[in-house]
Amino acid sequence: FMCLAVGIITHSHSIHKDNNKESNVKPILIGEIRAMLLSLVNLATEADFYNCFASDDLSASMVEFLYCWMVDQKLEARIYSTVSSVFQRQSDLGDKVEMYIVQKFSSRALHEHKKENQEFTNSSDCIEGEDEL
């Protein structure tokens, strides 16, 4: 499961790096690969993320690319929190990424959590307002 994710991350990272070069990969295939990554990230557990990040094939730049991709996808706070927890709890991953990358995941988790709570509060206000009409 997560070995597939590592492959997708690696492939997406190389497509992103070579964005200005002509690619032999069809755009529809790129879209399908990214959709598959989105599904895998949404379903992944802490153990899944750990197995993915523990791979020798994964570099710090790929983890940073994953973070940027996740932000672009507007993912839920729980996913950023899960990734952050994996890096904070697993000392053997400390040499994989710089601390600032881990802090990005933690900060984004807080940001998205606040945003989700704000959206919930706003939707609750609308429902309460409807009762008064």
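**View 1. Contacts of K104 in the predicted model.** Leaving aside neighbours within four places in sequence, K104 is in contact (heavy atoms within 4.5 Å) with E64 and Y67. The model is a predicted one, in which local features need pLDDT of at least 70 and side-chain atom pairs count only at pLDDT 80 or more, while totals for chains, interfaces and linings use all residues. Residues are numbered from 1 along each chain as its sequence is written, and side-chain values use heavy atoms, with hydrogens and water left out.

**View 2. The side chains of K104 and E64.** These two side chains make a polar contact at 2.9 Å, the term denoting a pair of N or O atoms within 3.5 Å of which, within protein, one must be able to donate a hydrogen and the other to accept it, residues adjacent in sequence counting only if both atoms are side-chain atoms. K104 is found in helix α6 (residues 99-132), where helices are DSSP runs of H or I with at least four residues, numbered from the N terminus. With a relative accessible area of 26%, K104 is partly exposed, a class lying between buried (under 20%) and exposed (over 50%) for a 1.4 Å probe and protein chains only.

**View 3. K104 and Y67.** Although 37 residues separate K104 and Y67 in sequence, their C-alpha atoms are 7.9 Å apart in space.

**View 4. Helix α4 (residues 60-73).** The end C-alpha atoms of α4 are 20 Å apart, which agrees with the 20 Å that its 14 residues should span at 1.5 Å a residue, the expected span being 1.5 Å times one less than the number of residues. The buried residues of α4 include F65, Y67 and W69, and the helix is followed by K74, whose phi is positive, near 55°.

How values were computed: Helices (H or I, at least four residues) and strands (E, at least two) are DSSP runs, numbered from the N terminus.
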